[in-house]
Amino acid sequence: MTQFTDLGLAKPILKALADKGYTQPTPIQAQAIPIVMKGRDLLGIAQTGTGKTAAFALPILHRLAEDRRPAPRRGFRCLVLSPTRELATQIADNFKAYAAHLGLSVATIFGGVKYGPQMRALAAGVDVVVATPGRLMDHLGEKSATLGGVEIFVLDEADQMLDLGFVVPIRKIASQLPKDRQNLFFSATMPGEIGKLAGELLKNPASVSITPQATTVERIEQSLIYIEAQRKRPLLAELLADRSVERSIVFTRTKRGADRVAKYLTASGIESASIHGDKTQGQRERALAAFKAGEVKALVATDIAARGIDVNDISHVFNYELPNVPEAYVHRIGRTARKGKDGVAVSFCCDDERSLLKDIEKATRQKIPSFDRRNDKALAAAAAVADKLAPAEKYVDPRKADPRNNVPSELRRKRNRNGGGQGKSAQGKGGQGGGQQAQGRGEGRNGGRGKGGAQGQGQGKAAAAGGDFRGPKRGVQQVETRWSPID
Ligand code: AMP
């Protein structure tokens with residue numbers, strides 16, 4: 001495996017990478033960095049999430065640092081064009097982080113903010129400018145920016161530039177750049193117009209392409225349910241009781257959360273097991289075997305534990321809690337719809353998770369069709385007994401806890417058959433939970449259709465019509481294929 005230290009990058013850059021905890025380049029980085037360091041033009045077919053920003057930022061900073069010279073007044077040595085302000089900010093933040101020990105300057109130029117600070121930032125010259133085309137054109141018109149000093153030109157997300165009508169401004173900007181320069185061109189797709197633009201801008205480019213492996217995500221029916229945090233468990237039980245759920249993974253953020261959810265489900269009469277880093281190898285293996293054998297309907301897992309699970313035929317993924325890292329969302333839902341099958345991914349979102357949802361929708365470039373199940377009385381009633389079924393308890397190291405909690409199916413069946421003392425937890429609680437769950441299901445469905453259902457359908461239609469639901473086509477699938485920082 002290539003390491004960043006193998007690539008010959010300047011020491012201060014390696015230090016910045018180490019500060020971020022990055023040791024291994026992603027595939028696009030491993031391929032692109034040596035090419036760009038040599039000063040060659042590059043055509044990169046890659047999407048956000050592949051690590052493409054560092055793929056160009058690191059070698060650019062290396063080159064600028066190796067050949068230090070002041071940028072001309074109102075000018076810059078490297079120009080990165082980005083289609084949106086958000087991406088421009090993100091790219092500039094990346095440059096700043098990687099340049100932390102280099103003493104190189106980075107500035108952003110985009111619309112919607114005052115000109116004054118941008119003019120002042122440009123006045124003395126900057127090493128790297130990340131700009132959106134429109135505002136840069138304005139600065140060029142005002143002569144508050146000049147392109148004469150540009151040595152390296154990066155066009156990022158070229159296909160999105162086309163969508164936003166930026167091709168003409170880009171051509172105008174390019175016409176003012178010095179002829180002798182390095183060009184880097186990135187696009188997720190290569191429609192004809194973009195191929196033509198690439199042909200005009202690049203000279204004898206090397207090309208790297210990170211091709212999506214799987215298009216599975218396109219087949220996943222995604223939805224999101226707004227729900228109060230304390231009502232998630234009964235809602236999950238309600239959804240799991242549906243016959244269409246054959247085999248599911250339920251993701252929680254914490255190990256303890258996984259245990260609590262699994263315990264509640266089991267008490268509600270739903271075959272479940274939890275799997276996470278605190279379980280012994282034996283416990284994990286038994287839980288997995290039961291899951292594979294179809295004895296466990298819901299495997300409750302943390303992200304890390306789920307990575308080792310290679311099970312096909314998972315009909316549903318439930319994000320009981322949204323992941324902290326948007327990329328993990330894609331990894332999680334990619335557990336279903338394997339081997340050409342369809343799949344369903346349902347995510348719960350409570351008020352505290354709104355910002356995580358925003359990040360996920362931004363990263364995957366989609367709006368997940370949503371339903372609102374807040375203020376659902378049936379769920380409220382079920383939540384009230386949820387704590388009785390599986391109360392919040394002091395954390396007990398599961399390795400020291402009763403192993404029977406972990407592989408419920410066989411043991412519980414045995415316990416049920418035997419009756420007696422063990423039936424207390426399995427039968428007694430299971431019966432109670434089942435009743436509660438049935439109640440939640442009946443009323444909950446009506447509630448869902450009446451209130452949230454309408455909203456969800458509306459958004460679903462927008463998605464079907466192409467609306468905002470662009471994720472699977474662009475943002476989502478490539479994340480699945482990339483080397484992942486969370487692995
Ligand atoms: P990008 O495709 O450039 O938007 O990068 C996607 C995410 O991966 C960003 O959060 C980066 O900070 C992160 N990332 C990029 N390169 C690496 C790496 N080599 N190791 C770990 N994380 C990375």
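In UniProt, an unreviewed entry places the domain "DEAD-box RNA helicase Q" at residues 2-30, and the short sequence motif "Q motif" is also put at residues 2-30 by an unreviewed entry. UniProt positions follow the numbering used here, feature names are shortened, and annotations may be inferred rather than shown by experiment. The model is predicted: local features need pLDDT of at least 70, side-chain atom pairs count only at pLDDT 80 or more, and totals for chains, interfaces and linings use all residues. Residues are numbered from 1 along each chain as its sequence is written.

Over residues 2-30, the chain is 48% helix and 0% strand, with the end C-alpha atoms 7 Å apart. The chain has 19 helices and 14 strands, taken as DSSP runs numbered from the N terminus (helices: H or I, at least four residues; strands: E, at least two). Of its 487 residues, 49% are buried (20 or more other C-beta atoms within 10 Å of the residue's own, with C-beta atoms placed from the backbone; exposed, 12 or fewer; partly exposed, in between). Among contacts (C-beta atoms, placed from the backbone, within 7 Å) with a separation of 6 or more, 80% join residues 24 or more positions apart.

The largest nonpolar core contains 71 residues, of which Leu61, Leu79, Phe95, Val128 and Phe185 touch the most other members. Such a core is a set of buried Ala, Val, Leu, Ile, Met, Phe, Trp, Tyr and Cys residues joined through C-beta atoms within 7 Å. Helix 3 (residues 52-66) supplies the largest share of this core, 8 residues. Beyond its neighbours within four places in sequence, phenylalanine 95 contacts Ala57, Leu61, Val106, Val128 and Val130. A second, separate core has 53 residues, including Ile225, Phe291, Ile333 and Leu356.

Helix 10 (residues 232-240) and helix 11 (residues 255-267) have axes that come within 10 Å and cross at roughly 55°. Helix 10 is therefore oblique to helix 11. The residues that meet are Arg233, Leu236, Ala237 and Leu240 in helix 10 and Val261, Tyr264 and Leu265 in helix 11.

Threonine 302 lies in the loop between strand 11 (298-301) and helix 13 (303-307). This threonine 302 counts as buried because it has 22 C-beta neighbours inside 10 Å. Apart from neighbours within four places in sequence, threonine 302 contacts Thr252, Thr254, Lys255, Ala258, His276 and Gly277. Its C-alpha atom is separated by 8.4 Å from that of valine 250, 52 residues apart along the chain.

Conventions: Contact = placed C-beta atoms within 7 Å. Axes fitted to C-alpha atoms, helices over the stretch in contact; angles between N-to-C directions. Parallel < 35°, antiparallel > 145°, perpendicular 65-115°, else oblique.
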